[in-house]
Amino acid sequence: MVAFLSILLAVILLSATVYGLHRYQTMEVEYNVDRSTPLPPLESDEAGFADSAPDAETEAKTSKSAARADKGQAAQAGGKTAQRSSVSSNRSAKASKASTSSQGWLNEVAELKKKGELQQAMQVCKQEFPLWGAYNQACIIERLRLKQCKDKAEQESILHRLYQLAASAELLHDKSENAEHLTPIQLKSLDLSKLAEIRHDYSEIGYAHLRLIRKSDVKSMIGSWGRPNQHQLPRQVHSHWWQTFTARIG
């Protein structure tokens, strides 16, 4: 009897234990499901979202304003670009015109030299004085004359003109450190007729500072006039004359 009761009690305890474990597992599953389910939105959150969301009309107005602003900026940028392009074109046109003008007289001088018309070529160069290039071409023409000439007296005269041209060019275009560097506009404002009145003395100026004088010229000059006493810049020798000559430039 005691054994039967013990077995019955064990069965009851086992059943209670199994039921308790099953109930505990069920509660645990329900608790986990509740934790993983998102909360529903609050009414205040829904209202706030509705207020902050732009309506279609406001969004359309904003888009039109932005488009007008972009169009205005694009037009302004296009106007500035066109203005810069116009200025650049004007500068290019002026530079092209100056280059064409320079090439024009140089080409004319070259053609005249080929034809042997040195006197006409010299006249073209004189019309372009006081340009450095014009003086350079004039010296080249005098060298051609010197090579073609056989008369000693005429050679002396040509050599003298060559020297005067080179010295006058250096007087106008002195590039030494302390010299007054004149602009092309200032040079063109000078009365070049007065420049023809001055004579450059070979014994005082020499040839070392004359950039348009070549080695062949030096050889001819030494052969005809000997070696100079000194070598000076033309503006050093004619300092007083130069100050008077350029006084009107200011």
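Which residues form one aromatic cluster? Tyr-163, Tyr-202 and Trp-225 do. The model is predicted, so local features need pLDDT of at least 70 and side-chain atom pairs count only at pLDDT 80 or more, while totals for chains, interfaces and linings use all residues. Residues are numbered from 1 along each chain as its sequence is written, and side-chain values use heavy atoms, with hydrogens and water left out.

**Aromatic pairs**

- Across the whole structure, a search finds six aromatic pairs (rings of Phe, Tyr and Trp, the last by its six-membered ring, with centres within 6.5 Å; planes under 30 degrees apart are stacked, over 60 edge-to-face, the rest tilted).
- One of them is the stacked pair of Phe-129 and Tyr-135, with 4.0 Å centre to centre and 0° between the planes.
- Tyr-202 and Trp-225 form an edge-to-face pair, at 5.0 Å centre to centre and 65° between the planes.
- Tyr-202 belongs to helix 9 (residues 202-205) and Trp-225 to helix 10 (residues 215-225), so this pair ties together parts 23 residues apart in sequence (helices are DSSP runs of H or I, at least four residues, numbered from the N terminus).

- Phe-129 is buried at a relative accessible area of 16%, and Tyr-135 is buried at 3% (buried is under 20%, exposed over 50%, partly exposed in between, with a 1.4 Å probe and protein chains only).
- Tyr-202 is buried at 9%, whereas Trp-225 is partly exposed at 25%.

**A cis peptide bond**

- Most peptide bonds are trans.
- The bond from Phe-129 to Pro-130 is cis, with omega near 15°.
- Pro-130 sits in the loop between helix 4 (118-127) and helix 5 (132-148).

Definitions and conventions. Helix = DSSP H or I, 4+ residues; strand = E, 2+ residues; numbered from the N terminus.
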